[in-house]
Amino acid sequence: MAQHLLVAADMYGLDRLKVMCERKLALGVAAGTVAATLALAELHGCAQLKAKCIEFMVEASPEILSAVLATEGFKRSEIHDKTAKMIGLFY
């Protein structure tokens, strides 16, 4: 639900609500959600949420990172190549 609310908050310029949604989503970042959350952050200009997602992937164990990169959400993500290269620089 927070994803949909973030989209609406961004669309209608409700900055405080957008920040609240970003914080909520940042708390739920996990291997199965990070790709979709990163794409959402990229599309809606959520710098802090994007940073949290990248931090999660950079600090993840090799097993978790492999699981993230293997998810359908990451494979279908428009930011797949850019993010994979970024992770490669840190890992």
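This is a predicted model: local features need pLDDT of at least 70, side-chain atom pairs count only at pLDDT 80 or more; totals for chains, interfaces and linings use all residues.

Biologist: What does the secondary structure of the chain come to?

Modeller: The chain has 7 helices and 0 strands, and from the N terminus on its elements run α-α-α-α-α-α-α. Of the 91 residues in the chain, 33% are buried, and residues 24 or more positions apart account for 53% of the contacts with a separation of 6 or more.

Biologist: Why are α2 and α4 called roughly parallel?

Modeller: The axes of α2 (15-27) and α4 (residues 47-59) cross at roughly 10° and come within 9 Å. Angles under 35 degrees count as roughly parallel, and α2 and α4 are therefore described in that way. The contact is made by E22, L25 and A26 on the α2 side, and by A47, Q48, L49 and K52 on the α4 side.

Biologist: How do you know that D10 and K18 form a salt bridge?

Modeller: The closest N and O atoms of D10 and K18 are 3.0 Å apart, and a salt bridge requires a side-chain nitrogen of Lys or Arg within 4 Å of a carboxyl oxygen of Asp or Glu, so the pair qualifies. The structure holds 2 salt bridges, and the side chains of K50 and E42 also meet in one, at 2.7 Å from N to O.

Biologist: Are D10 and K18 buried, partly exposed or exposed, and what makes them so?

Modeller: Buried means under 20% relative accessible area, and exposed means over 50%, with partly exposed in between. K18 has a relative accessible area of 11%, so K18 is buried, whereas D10, at 28% relative accessibility, counts as partly exposed.

Biologist: What are K50 and E42 called on that scale, and why?

Modeller: K50 is at 23% relative accessibility and therefore counts as partly exposed, and E42, at 29%, counts as partly exposed too.

Biologist: Why is H44 called buried, and which residues is it in contact with?

Modeller: H44 is found in the loop between α3 (34-43) and α4. Its relative accessible area is 16%, and because buried means under 20%, H44 is placed in that class. Leaving aside its neighbours within four places in sequence, H44 is in contact with L6, V7, D10 and K18, and the last two of these are the partners of the salt bridge with the 3.0 Å separation.

Biologist: What makes Y12 exposed, and where is Y12 found?

Modeller: Y12 is found in the loop between α1 (2-11) and α2. Its relative accessible area is 60%, and since exposed means over 50%, Y12 is given that name. Together with M11 and L14, Y12 makes a nonpolar surface patch of about 380 Å².

Conventions. Residues are numbered from 1 along each chain as its sequence is written. Side-chain values use heavy atoms; hydrogens and water are left out. Patches are made of residues with over 30% relative accessible area and no salt bridge: like charges are joined within 9 Å, nonpolar side chains (Val, Leu, Ile, Met, Phe, Trp, Tyr) within 5 Å. Accessible areas come from the Shrake-Rupley method with a 1.4 Å probe; for residues, only the protein chains shown count as cover. Helices (H or I, at least four residues) and strands (E, at least two) are DSSP runs, numbered from the N terminus. Buried means under 20% relative accessible area, exposed over 50%, partly exposed in between (1.4 Å probe, protein chains only). Axes are lines fitted to C-alpha atoms, for helices over the stretch in contact, and angles run from 0 to 180 degrees between N-to-C directions. Angles under 35 degrees count as roughly parallel, over 145 as roughly antiparallel, 65 to 115 as roughly perpendicular and the rest as oblique. Contact means heavy atoms within 4.5 Å.
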